Amino acid sequence: MGRPGLNRTAVIAAAADLADEIGFDAVTISVLARHLGIKSPTLYSHITGATDLRTAVTAYVLHELADATTTAMAAAEGRDLLAPFADAIRDFARRSPGRYDATTRQRVPPAEAGESRTDSVEEAITAGRRNADLALAVIRGYDIPESEETYAVRLMSSLIHGYVTLELAGSFAHSDPPSDATWPEVLDELDGTLGRMALGRPH
């Protein structure tokens, strides 16, 4: 018998919260069950297994990230979208490291030939596309040629997520200047690079 008030959404939300406490990789069926004060078999009335849980959490937090980024970008346009976009991702990661880890580490499992995707996979794909569309909106604010958009998105994403990931890992903690000081400078350099791409100049 399930715990009163417990449903799939509540289970996924609890797993996301737990990821921020102990790390995304540490959230397992048994650990989550103990956290919720229930037996592991009870969870299987809400999720189908470990892959479903991880994928559903990934979808959940990707939607949260897209919501935060959308809000941050709402008052900007054109090239001015870059800073709020990047800052929103960094703020999300620093505030919710376990959630952020889910957005970068969990791989959405592909469907086998002739096999339909599960609801959690479909939702993760939908959430991922929301974030991809936001990144593309930033790039299009520079009027970069369409043929270069994919490269530009990958360049921007690699720089932002690479910096944030290294910062969270403490890689910048033992050198000066502090990472807070160099973050705006990194974004300025990225802005310049994207601007040159828009003009058709070498990267």
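**Notebook: salt bridges and helix packing**

I began with the charged pairs and found that the structure holds 11 salt bridges, a salt bridge being a side-chain nitrogen of Lys or Arg within 4 Å of a carboxyl oxygen of Asp or Glu. I note that this is a predicted model, in which local features need pLDDT of at least 70 and side-chain atom pairs count only at pLDDT 80 or more, while totals for chains, interfaces and linings use all residues. Residues are numbered from 1 along each chain as its sequence is written, and side-chain values use heavy atoms, with hydrogens and water left out.

*Entry on Glu64 and Arg99.* I looked up the salt bridge between Glu64 and Arg99, where the closest N and O atoms are 2.6 Å apart. Glu64 sits in helix H4 (residues 50-73) and Arg99 in helix H6 (residues 97-105), so the pair ties together parts that are 35 residues apart in sequence. I take helices (H or I, at least four residues) and strands (E, at least two) as DSSP runs, numbered from the N terminus. For exposure I use relative accessible area, with buried under 20%, exposed over 50% and partly exposed in between (1.4 Å probe, protein chains only). Glu64 counts as partly exposed at 24% relative accessibility, whereas Arg99 is buried, with a relative accessible area of 9%. I also recorded that Asp17, Asp20, Glu64 and Arg99 are linked in a network of salt bridges.

*Entry on Arg79 and Asp191.* Next I checked the salt bridge in which the side chains of Arg79 and Asp191 meet at 3.0 Å, N to O. This pair links distant parts of the chain, with Arg79 in the loop between H4 and helix H5 (82-95) and Asp191 in helix H9 (residues 179-198), 112 residues apart. Both ends came out as partly exposed, Arg79 with a relative accessible area of 40% and Asp191 at 22%.

*Entry on Glu149 and Arg140.* The side chains of Glu149 and Arg140 form another salt bridge, at 3.1 Å from N to O. Here I found Glu149 buried, with a relative accessible area of 11%, and Arg140 partly exposed at 46%.

*Entry on helix H7.* Helix H7 (residues 119-140) has 22 residues and reaches 31 Å from its first C-alpha to its last, close to the 32 Å expected at 1.5 Å a residue, the expected span being 1.5 Å times one less than the number of residues. Among the buried residues of H7 I listed Val121, Ile125, Asn131, Leu134 and Ile139. The buried residues of H7 pack against helix H1 (8-22), H4, H5, helix H8 (149-168) and H9, where contact means heavy atoms within 4.5 Å.

*Entry on Ala13.* I then turned to Ala13, which is found in helix H1 and counts as buried at 17% relative accessibility. Leaving aside its neighbours within four places in sequence, Ala13 is in contact with Tyr60 and Arg99. The C-alpha atoms of Ala13 and Ala56 are separated by 9.6 Å, although these residues are 43 residues apart along the chain.

*Entry on the whole chain.* For the overall picture, I noted that the protein has 9 helices and 0 strands, and that its C-alpha atoms fill a box of roughly 65 × 45 × 30 Å, taken along the principal axes. Buried residues make up 40% of the 203 residues. Of the contacts with a separation of 6 or more, 69% come from residues 24 or more positions apart.
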